[in-house]
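Please look over the sequence and the structure below before reading on. The report is meant for someone who is meeting this chain for the first time.

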Amino acid sequence: MTGIIFSIIAGAAMSFQGVFNTRLSDEIGLFESNMFVQGTAFVLSLIALLIAGKGSFSGFGDANIVYKLGGVLGIVITITVMLGIKNLSPALSISIILVSQLLVAAAIDAFGLFGQEKVAFGWNKWVAAAMMIGGVCLFKWK
């Protein structure tokens, strides 16, 4: 149940953040708003680390280089969400993002990528994915 609650909070926060970032970029610029967002996240992450951090950076050098790309993906995610919302609408953009997330996550599960345990992608998951895509099409349909 905890995972479901955290996932709901994450989804809501991502939707709010996408709209907030897009409106901020309208006022100060795309890359300027991204710098503010990423900079704020850095400062708050540093504070959280100092207060609650229990890990260690000692194994950082041994970690797979691919796993270190999360920071790079942060800028890709922030910029592309802002551009998607600006060029579509919050609901349509987030709907497409959700379908994309589901399909990529399903591929990661199905192939056991990045050390994940393989999870079969049966017919029921194909139907669910098709229904989500159909829902996005219905949502967009005028």
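## The chain as a whole

The model shown here is a predicted one. The chain has five helices and zero strands, and from the N terminus on its elements run α-α-α-α-α. Taken along the principal axes, the C-alpha atoms of the chain fill a box of roughly 50 × 45 × 30 Å.

Of the 142 residues in the chain, 16% are buried. Among the contacts with a separation of 6 or more, 61% are made by residues 24 or more positions apart.

## Helix H2 against helix H3

Two packed helices are described by the angle between their axes and the distance between the axes. For helix H2, which covers residues 30-52, and helix H3, which covers residues 70-87, the axes come within 10 Å and cross at roughly 130 degrees. Because an angle counts as roughly perpendicular from 65 to 115 degrees and as roughly antiparallel over 145, H2 and H3 are oblique to each other. The crossing of these two helices, H2 and H3, is right-handed.

On the H2 side, the residues that meet H3 are Leu30, Phe31, Ser33, Asn34, Val37 and Gln38, and on the H3 side their partners are Gly74, Ile75, Thr78, Ile79, Met82 and Leu83. Sorted by class, the contact of H2 with H3 has seven nonpolar and five polar residues, and no charged ones.

## Helix H1 against helix H3

Helix H3 also packs with helix H1, which covers residues 2-28, and here the angle is about 80 degrees, with the axes 9 Å apart. H1 and H3 are therefore roughly perpendicular to each other.

From H1, the residues Gly18, Val19, Asn21, Thr22, Ser25 and Asp26 meet Thr78, Val81, Met82, Ile85 and Lys86 in H3. By class, the contact of H1 with H3 has four nonpolar, five polar and two charged residues. Thr78 and Met82 are listed in the contact of H1 with H3, and Thr78 and Met82 are listed in the contact of H2 with H3 as well.

## Asparagines and a glycine in the packing

Is Asn21 buried or exposed? Asn21, which lies in helix H1, has a relative accessibility of 9% and therefore counts as buried. Leaving aside residues up to four places away in sequence, Asn21 touches Ser33, Val37, Thr78 and Met82; of these, Ser33 and Val37 are in H2, while Thr78 and Met82 are in H3.

Asn34, found in helix H2, counts as buried because its relative accessibility is 5%. Gly74, whose place is in helix H3, counts as buried at 18% relative accessibility. Although Gly74 and Gln38 are 36 residues apart in sequence, their C-alpha atoms are 7.9 Å apart in space.

## Ile28 and its distance from Leu44

Ile28 is found in helix H1, and at a relative accessibility of 41% Ile28 counts as partly exposed. The C-alpha atoms of Ile28 and Leu44 are separated by 22 Å, and the two residues are 16 residues apart along the chain.

A pair of aromatic rings is described by the distance of the centres and the angle of the planes. With ring centres required to lie within 6.5 Å, the count comes to two aromatic pairs. In one of them, the rings of Phe121 and Trp126 have their centres 4.8 Å apart and their planes at 90 degrees, so the pair is edge-to-face. Phe121 counts as partly exposed, with a relative accessibility of 23%, whereas Trp126 is exposed, with a relative accessible area of 54%.

Where is the place of Phe114 in the chain? Phe114 belongs to the loop between helix H4, residues 90-111, and helix H5, residues 123-140. The phi of Phe114 is near 60 degrees, a positive value in a residue other than glycine. Most residues other than glycine have a negative phi.

Conventions. Residues are numbered from 1 along each chain as its sequence is written. This is a predicted model: local features need pLDDT of at least 70, side-chain atom pairs count only at pLDDT 80 or more; totals for chains, interfaces and linings use all residues. Side-chain values use heavy atoms; hydrogens and water are left out. Axes are lines fitted to C-alpha atoms, for helices over the stretch in contact, and angles run from 0 to 180 degrees between N-to-C directions. Helices (H or I, at least four residues) and strands (E, at least two) are DSSP runs, numbered from the N terminus. Angles under 35 degrees count as roughly parallel, over 145 as roughly antiparallel, 65 to 115 as roughly perpendicular and the rest as oblique. A crossing is left-handed if the near helix is turned anticlockwise from the far one by less than a right angle, and right-handed if clockwise. Contact means heavy atoms within 4.5 Å. Ala, Val, Leu, Ile, Met, Phe, Trp, Tyr, Cys and Pro count as nonpolar, Asp, Glu, Lys and Arg as charged, and the others, Gly among them, as polar. Buried means under 20% relative accessible area, exposed over 50%, partly exposed in between (1.4 Å probe, protein chains only). Rings of Phe, Tyr and Trp (its six-membered ring) pair if their centres lie within 6.5 Å; planes under 30 degrees apart count as stacked, over 60 as edge-to-face and the rest as tilted.
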